[in-house]
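Please look at the model before reading on.

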Amino acid sequence: MSELKPFFKQVQSHYDLDDDFFRLFLDPSMTYSCAYFEREDMTLEQAQLAKVDLSLSKCDLHPGMTLLDIGCGWGSTMLRALEKYDVNVIGLTLSDNQYRHVTQLLSDLPGSRTAEVRLQGWEEFNEPVDRIISIGAFEHFRRRRYEAFFDKCQDLLPPDGRMLLHSIVCYGRGTLEKMGVPVTEDDVRFAIFIAREIFRYGQIPEPEWVTTAAERAGFRVDRIQPLQSHYARTLDLWAAALAARHDDAVQIASEEIYQRYMKYLTGCADRFRSGHVDVMQFSLSKQG
């Protein structure tokens, strides 16, 4: 796998825009993935914590274990794992801004557990860990690397290893037709816009791409939990928050970037509601 190089430039083109820009619409924990509205009256911040707790609860964590967070974002899952499960944590990110942010977060933590963040891709990581979690990073890996990714996870984990993979998923046109979901020219143009202007070189998987690659590597798929409506609501809240901070967004970035992000957030929310895309949590365990 030495020939695989992490997609640093592609990831940084999105996540290294400016932390202050993302703060305009994310919750205080800077969690940039689908929230989980366990109760109708939850705030975005409460729902993001509920999502992190939901994700970690599927990892079978025990005190003293080491958790690897692949694509750790701004560190909210790492902090919660330390606090709630008393584990050691290692976070990987390809974003300079996220690396600096998480390094600062972890600099003065109490307790005896170790916590570190690395500016590193999974392709370069080769240390044994007990559990793996990855939330909102798989969309950047591209299908041709799925086999290598799951093989790597198999190699890192012990015989009773578990991992939680949280990813946006999509469906082919034929599947959408069977589901009764029409595909319009606007949908095609929007998909091109996302690929060219938001998540460059990303690739959203179909659900069976994930399960097939995981099973081929020797994982058992224990559970798949869709969170489609939760992401639509998350995106609605992000868009409303960004719209309310229009002037700040323009000052930090530009009117062009503000409009680009509004189109991205509102357009994605519409397509989660319409059924064109979903987001799923895949609970995986090593077999035998």
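## Terms and source

Two strands pair if DSSP finds at least two bridges between them. Helices (H or I, at least four residues) and strands (E, at least two) are DSSP runs, numbered from the N terminus.

The model is predicted: local features need pLDDT of at least 70, side-chain atom pairs count only at pLDDT 80 or more, and totals for chains, interfaces and linings use all residues. Residues are numbered from 1 along each chain as its sequence is written, and side-chain values use heavy atoms, leaving out hydrogens and water.

## The sheet

An open sheet is formed by seven strands, in the order β3-β2-β1-β4-β5-β7-β6, with mixed pairing. The edges are β3 (115-119) and β6 (219-226); each has a single partner strand, so one side of each lacks a neighbour in the sheet.

## Strand β7 and its partners

β5 (residues 162-170) pairs with β7 in the antiparallel sense over nine bridges, and Cys-170 stands opposite Val-277 in β7. β6 and β7 are also antiparallel, paired over seven bridges; Pro-226 has Met-280 in β7 as its bridge partner.

How many residues of β7 (residues 277-286) are buried? The count is 10 of the 10, so β7 is largely enclosed by the rest of the structure. Buried means under 20% relative accessible area, exposed over 50%, and partly exposed in between (1.4 Å probe, protein chains only).

In a regular strand the side chains alternate between the two faces of the sheet. Val-277, Val-279, Gln-281, Ser-283 and Ser-285 point one way from β7, while Asp-278, Met-280, Phe-282, Leu-284 and Lys-286 point the other way.
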